[in-house]
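Thanks for coming. I have one structure to go through this morning, and I will keep to the model itself.

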Amino acid sequence: MSVCAESAVTLSQRIFCELREAIVEGAIPPGSKISEAELAARFGISRGPLREAIGQLAAMGLIERRPNVGARVVELSRARLIDIFHVREALEGTAARQAAARMDRQAVAQLRETLDAHEQQIREDAGHAYFQAPGDVDFHYRVIQGSGNAYLVKLLCNDLYYQVRMYRCQCGMRSERGPAALNEHRGIVDAIERGDGEMAELLMRAHIRASRENVERMLGQGRCAVLD
């Protein structure tokens, strides 16, 4: 569970969550300078909790600190996005392999329910968009959690996860890959349910690779103004 969803959070955690969503959704645009004075006034807090929150955001790659420049929101770039896909292909492939060994029947059933909901979403969208909500309703998030590997969870769900969401939210690239992606997800779940880790990894890697190639095509067509 995200710390933002917990009932009792510290002041710095609350500010961290609010800033994280503002950055991910573009309310604080890429490249923006992070002014501690302005943010402290905006939230009505001292700089101590704010600095702690900014430190967390820097650790997860949403803020960059540069000598003689200060802290800024990361810039969205084609190279950064493609690099993220390459990292995801390797790590999520491993997560799928381990999920095949560790997910129980109930977890697999919940994963199938998630995909049924996604299928309905695609049917209702004439453009076949497959824009998944954050958290447990996200197929990839569930598979990663199902791996039971704390290191993969930290890297993919706490760090890269929000960078991926940042691109999703701000690039808004609508793709016709929705039905194909859903079928690829179902194939991965079938392999996980059979306990076939090797196949689950191969299918996950192929799925993310196909998504990357699709994104590269859309970028070539200028379908993400943020990265032009």
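This is a predicted model: local features need pLDDT of at least 70, side-chain atom pairs count only at pLDDT 80 or more; totals for chains, interfaces and linings use all residues.

The protein has a mean pLDDT of 86, and 86% of its residues reach 70 or more. Among the elements, helix α4, residues 78–102, has the highest confidence, at a mean of 95, and helix α7, residues 150–171, has the lowest, at 87.

Now the overall layout. The secondary structure comes to nine helices and two strands, and along the sequence the order is α-α-α-β-β-α-α-α-α-α-α. The protein has 228 residues, of which 46% count as buried. Of the contacts with a separation of 6 or more, 74% are between residues 24 or more positions apart. The protein exposes about 11,500 Å², with carbon and sulfur atoms supplying 49% of that area.

The two strands next. Strand β1, residues 63–66, runs antiparallel to strand β2, residues 70–73, and four bridges join them. Ile63 has Val73 as its bridge partner in β2. Three residues lie between the strands of this hairpin, and Asn68 takes a positive phi near 65 degrees there. There is also a salt bridge between the side chains of Glu64 and Arg66, at 3.0 Å from N to O. Glu64 is partly exposed at a relative accessible area of 22%, and Arg66 also counts as partly exposed, at 39%.

Back to salt bridges in general: how many does the count come to? The count is 21 salt bridges. One of them joins the side chains of Arg47 and Glu36, at 4.0 Å from N to O. Arg47 lies in helix α3, residues 47–59, and Glu36 in helix α2, residues 36–43, so the pair ties together parts eleven residues apart in sequence. Arg47 counts as partly exposed at 39% relative accessibility, and Glu36 does too, at 23%.

Ile144 is buried because its relative accessible area is 3%, and the buried class is under 20%. Leaving out residues up to four places away in sequence, Ile144 touches Glu92, Ala95, Leu152, Val153, Leu156 and Cys157. Leu155 is eleven residues from Ile144 in sequence, and their C-alpha atoms are 10.0 Å apart.

Last, the surface. Which residues make the nonpolar surface patch of about 230 Å²? The patch is made by Met199, Leu202 and Leu203. Leu202 sits in helix α9, residues 197–220, and is partly exposed, with a relative accessible area of 49%.

That is what I have; I will take questions now.

Notes. Residues are numbered from 1 along each chain as its sequence is written. Side-chain values use heavy atoms; hydrogens and water are left out. Patches are made of residues with over 30% relative accessible area and no salt bridge: like charges are joined within 9 Å, nonpolar side chains (Val, Leu, Ile, Met, Phe, Trp, Tyr) within 5 Å. Accessible areas come from the Shrake-Rupley method with a 1.4 Å probe; for residues, only the protein chains shown count as cover. Buried means under 20% relative accessible area, exposed over 50%, partly exposed in between (1.4 Å probe, protein chains only). Two strands pair if DSSP finds at least two bridges between them. pLDDT is the predictor's confidence in each residue, from 0 to 100. Contact means heavy atoms within 4.5 Å.
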